[in-house]
Amino acid sequence: MDHDAEQQHPAQANPGYAAGQLAAALRTAATHEDHATRRRAEERGLKWRAVLTGMANGLLSVGSRTPVAGLPAWVTPEVVRGGFATGEPSAGGPLLPHETAAARRAKVPEDRQALFAYFLSEDGLTELYGLLDSGRYEIAVPEEAALLTVAWLVRAGRTDAALDLVHELAPFAGRLRFAPRPAERPAPGADAVHRSTVAEARASLARRQPSTAVETQREALAVWQPFGDELLTHWLEVTGDDGWIRVPPAGPGSAWHAHCAALVARYRDLARDHTLCTKHRSPKENLGILRGALEDVVAGRELDARRLGLLRSALTSMVRRRGLPGSARHSALRRQQAAQAALPSHHALARLVHDRLAVLPAQGGIAEVGPFVGEVSEPEAARSGLPAGAAIPAALRRPVEIALSAPLGTLIERGIVPSAEVLATFVPQLVATATAQAHPDPALRTLAAAHYRAFRNRRSLLLLNLERQVRAEELPWVRAVAAHRVDGEAGDVAAAALRQLGGLAVQAFPGTVLPNPLVRELSVLARQADLGAPLVEELASDIFMGTFTPKFLASARVAAELLGGGSLYERYYAIDYRSLRNLAIVEAGEAARRSYGARTSPGFAELCKRRAAQFEPGSRNGSRNGSGGGSWVAANGTVIEQAQILTTHNLATLVHRVGIAPETGWDELARRSFVTVCRLTARLHHNPRPLGTIKDVAYAWRQMLFHLSLCTPGGRARTLAWLAGEAARHPWHVAVRLAPALTGLRQVSEGGSAREGEGRMLLGWSTGGHWLRPDPVLS
């Protein structure tokens, strides 16, 4: 789980975790067979050593928004696994090549303090103005947008704001990079949507190395099989119809003996030049037997009975398997093998596609994939030696296809966006558009989009005591231009982007929980759109401290507005949404009477704990089978799951506040969610570690219930009747496992309870053994 959620867990701040990561990195660096892997492990080891050193000497405060002593919260820290800061800023370290080049060009000392002063001079500001107007710059870390912002403020006549920003940056000018990186091409448009860039596609193709197995097979087919045929033909010349081998006497006039010597010499040349295949070296292989007997003849050694027996057996076996050399069967086989050996290697084709992509901007996507994955042309064949008309295999087309720049819906249809997690990676591009649209000035709009993309790459810190991650609006250079936003237009753009992304996530991936990265990005859009749409993260059970922030109760209140009044969802999970609305009103009033904002929602936390106890083993949730550890992690999970049930984990907010509506209808989404339930349930059979999958089954089941609750009465009745038949289409154990859950759902639809008789409420967490866990028996 992400540590972005507003939680804490004392064990995470223990130096033992960092020490374990350091030990693992050192072990990999010392033992791994791959040089690149060892080098990366060495780099990780240095970072973890810095973490331990900083924790020991007090320079690092793990769990704080300002983990590095002397650096404010807005400085982007270098963060390693688990959210630990190393003590180094991401914009620090030695000067990069472009910084050295800038210092030499400006004829100033090669240090950041001197570069900072230069960019505030008339010449330096002129250089920054040129970058602003051309857009030919890159921002890899947020700090690299700072001096461009200063230049924009100066040119806009906001000298006071520029001076205030410089004053705030100056103490760190000698340590951090505040200038952008020059680029050959303008930054990609903020609305360009692609999963990977041209540069990433080329890098993937460049990593394609020759396959040893494929090249070994190619050598066998092109070299050793034809040579084996020559040896076979040569020995058959002295083999009678009775199968006996009669080696002619040696003599200078014996053409057969001369040919023996020529074949042995050629074998040695082939063995020297072609080293991938080794079967020909084995004295037990047919080719090795024929070659060994040949060498004996050339050396003047008489073939004994054992050698002759092996030779006769090898000859008989080779003829029986492939036919006599020159026969129709043998010739057809060799033609087929020769064609296979002549196929171009994937390595060579990858290099060709790599070179084709060189004409495109490295940081953009590919508008049309076809020209770059077509067959080898005649001019390309002449240059590369590849056969004209050779097709590019699917494995080499894939890196190009995932760089396609197209509408998100198109990318989802083509399978380029296969999951909600991948969908989340597109959000910064669209959020950057919404963020940038707030600025009417084109140069500032381009800068804002580039900065936002860099900011979203800022890694999350491990935070304790309900602290929250730094937001973009807290950065000094963002605050400096906040007065130049036109929020009305940006709000409309953000709302449209939120509806598009939320709708795509729910419709394209039904039965899948919205991942935290996607929720965070949707939350940014919701704040910009000012829709009052509280979105909540999935909390990690191992770092949950039993508290929820007020937005969880706010989200549950939105669910009550949509689903209260007797919906199928409300009745299935036995929710009293009227009491929940009253709780939200009471806590909101208490918060309004305080002079400080509420950090937690104690009433919501208590409600979730009561509900978790209500549905635990012994209360008909079901632990009649299996065994459970009853751990504190599982206990936390039951409480978190109740929060997800009460809030619908953002579905109600997206529907009721954002306004998403599936084009295919709610009944279709309910059916697709149940298909996901069945598919996941099939994975439980003979699964020694099924608990994670059971959680996923419960997620999909909950989404199915939500969608069913929004169906028309007729659509809901038809879908409920369809469920059992769909379960029967899957392996037998799926229907058997889900029978108690389907019984419980039917009972609720008829006005009863899910936990009556043989019915069961399908939840994902249990401190005892879950009733879904035991494998059913085929009766």
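Biologist: Why is Arg-112 called buried?

Modeller: Arg-112 has a relative accessible area of 5%, and buried means under 20% relative accessible area, with exposed set at over 50% and partly exposed in between (1.4 Å probe, protein chains only), so Arg-112 counts as buried. This is a predicted model, in which local features need pLDDT of at least 70 and side-chain atom pairs count only at pLDDT 80 or more, whereas totals for chains, interfaces and linings use all residues. Residues are numbered from 1 along each chain as its sequence is written, and side-chain values use heavy atoms, with hydrogens and water left out.

Biologist: What makes the pair of Glu-99 and Arg-112 a salt bridge?

Modeller: The term asks for a side-chain nitrogen of Lys or Arg within 4 Å of a carboxyl oxygen of Asp or Glu, and the side chains of Glu-99 and Arg-112 meet at 2.8 Å, N to O, so the pair is called a salt bridge. The two partners, 13 residues apart, link distant parts of the chain, with Glu-99 in helix 3 (residues 97-106) and Arg-112 in helix 4 (residues 112-119); helices here are DSSP runs (H or I, at least four residues), numbered from the N terminus.

Biologist: Is Glu-99 buried or exposed?

Modeller: Glu-99 has a relative accessible area of 7%, and is therefore buried.

Biologist: Why is Arg-479 called partly exposed?

Modeller: The relative accessibility of Arg-479 is 42%, so this residue counts as partly exposed, and Glu-168, with a relative accessible area of 28%, is partly exposed as well.

Biologist: What makes His-234 a buried residue?

Modeller: His-234, found in helix 9 (residues 212-236), has a relative accessible area of 1%, and is therefore buried. Leaving aside neighbours within four places in sequence, His-234 is in contact (heavy atoms within 4.5 Å) with Trp-256, His-259, Cys-260, Leu-263 and Leu-294.

Biologist: How many salt bridges does a search of the whole structure find?

Modeller: The search finds 23 salt bridges. Among them is the one between Arg-356 and Glu-380, at 2.8 Å, N to O, where both residues are buried.

Definitions and conventions
Helix = DSSP H or I, 4+ residues; strand = E, 2+ residues; numbered from the N terminus.
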